[in-house]
Amino acid sequence: MTDKNLDKALDIVSVLINGGEIKKNGGSAGLYEEYESGTEVYDIVNTILKKLNINIYEYNYGLYITGGEGNRIFGYTNDELKKEIGVKLNRELYMCYFIMYAVMTRFYKAGNVSTFTEYIKSEDVISAVDSLLSHIMGDLNVLGASQIEEGSFKELALTWEDMPMVITEESSLRAGRSSKAGFVKLTFNFMVSQGLLLESDGRYYPKDRFKALMENYYDRYKGRLYELLKGGKENAAD
Amino acid sequence: MADDYILAREIIHDHSARMMNIKKYYPYFKLTETDFSAYQGGKYGMLDMGYILMAVLRFFIEENSFKEKDVTYNEYGLFMKDIYSRDFELTLSEDEEKELSLYIFDKIRNDGKPFTYQYFEPSEKVKRTIRMRIIDSRIKDDTICYYLTSDAIEFYLDTKEIKDESTISIAQVLLSKMIENKNFKGGTEVIKRINSEVNRLKMKKNDVLALMSEDVFEGAKAYEEFVNTGIKWFDEEQKSFEKNMELVKEALSRTEGDTENTAALQDIFELETELKKAIVKHSELLNACVELQRMADEMISDAKFSRLRRSFDFSDALKTAMEEDNAAGLGLLIAPLLTLNIKKTFDFTYIDRLLTLPAIKEEKGEEIGNSVEEKYVYDDELEEQRIDENFGFYIINLLKYIQQRETFKLSEFNDDIREKYGDEVLKNSDFYTLLVHMCGKKEYIVKEVLKKPDTFFEEYMVKAVRRADTDEYDDIGFRLEKIEGEEISLFDIAHISDVMIERTGCTYDR
């Protein structure tokens, strides 16, 4: 290992960790070339990131990273996430998770099965959440007392059901926690800030970072994700 | 313009009828607000007014309609007794029972007053009050008897949805009866009801399809239910439509020659038009359902196939999370999409928590009992002490001997101390160690040594002299010289060279 290669590898790691872009046809193109062609640089970058519990993916001539499962240094606590999104209660945070998931499934049915949807709009997501929660909402028509547990999907459905579509016609485009449209907008804003979506005229397009993670992460960690979903009450965000 | 007129007419003129139609539900919801936890200190908190009302209604229907007799208060009381013990597992004394039954009866009868609510009558622009009773009373043979009002009966019968029969078919039977009785206007109303049912089924079909596209397996369940409650009656409904169409045609041909009955003719035409519309709508629904069937099969087979794929299925993962009913688990699926969290934050609430922590009023010191602290002496310290004492002993004896003799051999000194202290004094290894150290230098002057000890031997000499607490050795000086060829035998075990010791200082002789 030469000092020069180590230096380049550290440059790449540093740019990625600081949220910078490394793309062949964009920012830091030189670093992309180094990663792509220099075997040693590639190895060093991967070793460092692995030790830091960070996953790296290549997509469309660009490099993208994400924190590995349970990454306590670069992961988010529930409180940090709530602050980032702009919600206060746990059930609101879970509602945002659910909306994000609805957005994800608009674009991808499975890890490698794209729906070829070009963009989505707020109303698509609202109706998607409606449909995804519909069979739970059916159960809510007749509801026994003390049946709503904290952190359950029933609580989630109730939160959604109890919200009006919009507060006023004028505020329909504003993000907020008191209407369905506001909540979806809030989640969209967060996804845009995370570099996952691009907004143009009320339409949201998936960015390469979103595609890179959707097409790579979930297939690779399929088994582990199912294990956690079925077994544990663990929360990666905690 | 015409559409607007129809819209306004429907809103305004039908409003009263709608209000009259929903009035039968009002007492039920009003009564369910009864909170038993506020009655008698909450000891009947488990009672549920909604359930009790339905039970009482059923009891009254049994007595009033089936047995064709009114109900006395005593009969009601006996019925309620069963409800308490069987359904709520309450054991009550006779007095408690009577009191509770009366309380409930008064509630259901609304203390004898009708249940009322207000609504706005748009055609007359006034507020109207709707009144409704559930139970009414009359006197028969000097006894007060109770009976259900027709509204209450209608409400009770309306609460159970008849799932296993087609609403459309029932309406068609009614339609046939109406056509036969020449009630064409009423027939048109019935057809409108049929149309709304067809529309409802269409909407239901869309719901099933939407659910299926999100969650195939939940969708499949909904589809199955839809087939059982909707689609399976299609053939029968089609036949009824044909039959009714025949009836309308017959009525039309009978009335066509009748010039006096133009109003009836008009009604029949309207009926026919509505019926035709209904038939078209119904066939549309049929086609949509066939399409739904095809799509459902396709989706189910697709979903089954995708389960076999190695790829991560997002809808399946969501289904798993929902089965576990752990919404927080969704965080696991979202976390990979998030950027690294490089902003490290300190929550201000922690400061709050620090400030609001209850302070300890007085800091308590550690309690120490009366036990005496143990003193540990380690092995090396013991050894050190021994060496110190032994070296001091030999040094002082040597100095004393030097004071007495100006020149002497080490062997002579040995004999001297052996005489004084016995053989053991020469068997001590410390003595020989001391000799080795002592031979490290040729000459010693005690005064000088006391000022500045240089060697290991000199340090022990200082300690020994200081311990003796006298200045009598201060002026002593001595020189050492090895005597070549002379050795001292040590109990036939070892030999050491003999040494000549010559006093150099010491001003006096004892």
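Predicted model: local features only at pLDDT ≥ 70, side-chain atom pairs only at ≥ 80, totals over all residues.
**Entry 1**

I began with the strands of chain A. Three of them form an open sheet in the order E1-E3-E2, and the pairing is antiparallel. Strand E1 (22-23) and strand E2 (54-58) stand at the edges with a single partner strand each, so one side of each has no neighbour in the sheet.

I then followed one pair. E2(A) and strand E3 (residues 62-67) of chain A are joined in the antiparallel sense over five bridges. Within this pair I noted that A:Asn55 stands opposite A:Thr66 in E3(A).

Which helices lie across these strands? Helix H1 (residues 3-17) of chain A lies across E1, E2 and E3, and runs at about 65° to E3(A). Helix H3 (residues 39-51) of chain A lies across E2 and E3, and its angle to E2(A) is about 140°.

**Entry 2. Two helices in chain A**

Next I looked up a helix pair. I kept in mind that two packed helices are described by the angle between their axes and the distance between the axes. For helix H5 (residues 90-107) and helix H8 (residues 180-193) of chain A, the axes come within 10 Å and cross at roughly 70°. That makes H5(A) roughly perpendicular to H8(A).

I listed the residues in this contact. H5(A) brings A:Glu92, A:Met95, A:Cys96, A:Ile99, A:Met100 and A:Val103, while H8(A) brings A:Phe183, A:Val184, A:Thr187, A:Phe188, A:Phe190 and A:Met191. Sorted by class, the contact of H5(A) with H8(A) has ten nonpolar residues, one polar and one charged.

**Entry 3. The sheet in chain B**

I turned to chain B and its strands. Four strands make an open sheet in the order E6-E9-E8-E7, again with antiparallel pairing. At the edges stand strand E6 (407-409) and strand E7 (443-445), each with a single partner strand, so one side of each is left without a neighbour in the sheet. From one strand to the next, the twist averages 25°.

How many bridges join E8(B) and E9(B)? Strand E8 (residues 477-490) and strand E9 (residues 494-503) of chain B pair in the antiparallel sense over nine bridges. I picked out two partners: B:Ile488 has B:Ile496 of E9(B) as its bridge partner, and B:Ser489 stands opposite B:His495 in E9(B). E8(B) and E9(B) form a hairpin with three residues between them. In the turn, B:Phe491 has a positive phi of about 50°.

E9(B) also pairs with E6(B), in the antiparallel sense, over three bridges. Here the bridge partner of B:Lys409 is B:Met500 in E9(B).

**Entry 4. Two helices in chain B**

I checked which helix lies across this sheet and noted H16(B), which lies across E6, E8 and E9 of chain B and runs at about 50° to E9(B). The helix also packs on another one. Helix H16 (residues 379-404) and helix H17 (residues 410-421) of chain B meet at an angle of about 115°, with their axes 11 Å apart. H16(B) and H17(B) are therefore roughly perpendicular to each other. Their crossing is right-handed.

On the H16(B) side the contact is made by B:Phe393, B:Tyr394, B:Asn397, B:Leu398 and B:Tyr401, and on the H17(B) side by B:Glu412, B:Phe413, B:Asp416, B:Ile417, B:Lys420 and B:Tyr421. I sorted the contact of H16(B) with H17(B) by class: seven residues are nonpolar, one is polar and three are charged.

**Entry 5. Where the chains meet**

Last, I looked at the two chains together. In this interface, 62 residues of chain A are in contact with 42 residues of chain B. The size of an interface is often given as the accessible area lost when the parts come together. Chain A and chain B bury about 4900 Å² between them, with 64% of it on carbon and sulfur atoms.

Which three residues supply more than any other three of the area that chain A buries against chain B? I wrote down A:Tyr101, A:Phe153 and A:Leu229, which supply 16% of that area.

Conventions
Residues numbered from 1 in each chain as written. Chains lettered and ligands numbered in written order. Heavy atoms only, no water. Axes fitted to C-alpha atoms, helices over the stretch in contact; angles between N-to-C directions. Parallel < 35°, antiparallel > 145°, perpendicular 65-115°, else oblique. Left-handed = near helix turned anticlockwise from the far one by under 90°. Contact = heavy atoms within 4.5 Å. Nonpolar A, V, L, I, M, F, W, Y, C, P; charged D, E, K, R; others polar. Pairing = 2+ DSSP bridges. Buried area = accessible area lost by both parts, 1.4 Å probe.
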